[in-house]
Amino acid sequence: MTIYHFCSAKAVKAIRRQGIKIGGVYVSKPGDAKSIELYFGYQWLTLDPEKKNQSWATRHLVKYDRTAYRLTVELPDDAVLYDRDGLEAEIPGSGILFDGWPGSENWRVYHGWILPEWITACDKMED
């Protein structure tokens, strides 16, 4: 399956060398919105190859472009990808991470390490 991951210029060399492995899912603990549970090893991907459609890529918290590079990833046939409902079933409370974001219907989450050899292309995106 072909899928995409966008990243900053700061991260692209390390990702090309090591793969994609430091993603995560952060959700409030049930009944306690102030406490956060962290689930590591969940990599965020998209079916949409267009930079302009990545609504999550704001500069509100960071001063750099998180969509400077688009990585094309070829996942193995047996790879399991979670959409909103699938991730919610895996990690209760995570569905909210998709809410209110245009294009989130294209988001997918892979649990595990995306190996460097699965990254088949790395394209610098135009500003």
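User: In this predicted model, is phenylalanine 98 buried or exposed?

Analyst: Phenylalanine 98 has a relative accessibility of 3%, so it counts as buried. The cut-off for buried is under 20%.

User: How many aromatic pairs are there?

Analyst: The count comes to 5 aromatic pairs.

User: How do I read one pair?

Analyst: A pair of aromatic rings is described by the distance of the centres and the angle of the planes. Now the case here. Tryptophan 44 and phenylalanine 98 have ring centres 5.4 Å apart and planes at 45 degrees, so this pair is tilted.

User: Which parts does that pair tie together?

Analyst: Tryptophan 44 is in strand E4 (residues 42-46). Phenylalanine 98 is in the loop between helix H2 (84-90) and strand E7 (107-111). The parts tied together are therefore 54 residues apart in sequence.

User: What about the rings of tryptophan 44 and tryptophan 107?

Analyst: Their centres are 6.1 Å apart and their planes at 85 degrees, so the pair is edge-to-face. Strand E4 holds tryptophan 44 and strand E7 holds tryptophan 107, so parts 63 residues apart in sequence are tied together.

User: How accessible are tryptophan 44 and tryptophan 107?

Analyst: Tryptophan 44 is partly exposed, at 24% relative accessible area. Tryptophan 107 is buried, at 7%.

User: Which residues do ring pairs link into a cluster?

Analyst: The cluster contains Trp44, Phe98, Trp101 and Trp107.

User: What lies over the face of tryptophan 113?

Analyst: Lysine 21 does, at 4.8 Å from the ring centre.

User: How many residues has the largest nonpolar core?

Analyst: That core has 15 residues. Its largest share, 3 residues, comes from E5.

Conventions. Residues are numbered from 1 along each chain as its sequence is written. This is a predicted model: local features need pLDDT of at least 70, side-chain atom pairs count only at pLDDT 80 or more; totals for chains, interfaces and linings use all residues. Side-chain values use heavy atoms; hydrogens and water are left out. A nonpolar core is a set of buried Ala, Val, Leu, Ile, Met, Phe, Trp, Tyr and Cys residues joined through side-chain atoms within 4.5 Å. Buried means under 20% relative accessible area, exposed over 50%, partly exposed in between (1.4 Å probe, protein chains only). Helices (H or I, at least four residues) and strands (E, at least two) are DSSP runs, numbered from the N terminus. Rings of Phe, Tyr and Trp (its six-membered ring) pair if their centres lie within 6.5 Å; planes under 30 degrees apart count as stacked, over 60 as edge-to-face and the rest as tilted. A charge sits over a ring if NZ of Lys or CZ of Arg is within 6 Å of the ring centre and within 35 degrees of the ring normal.
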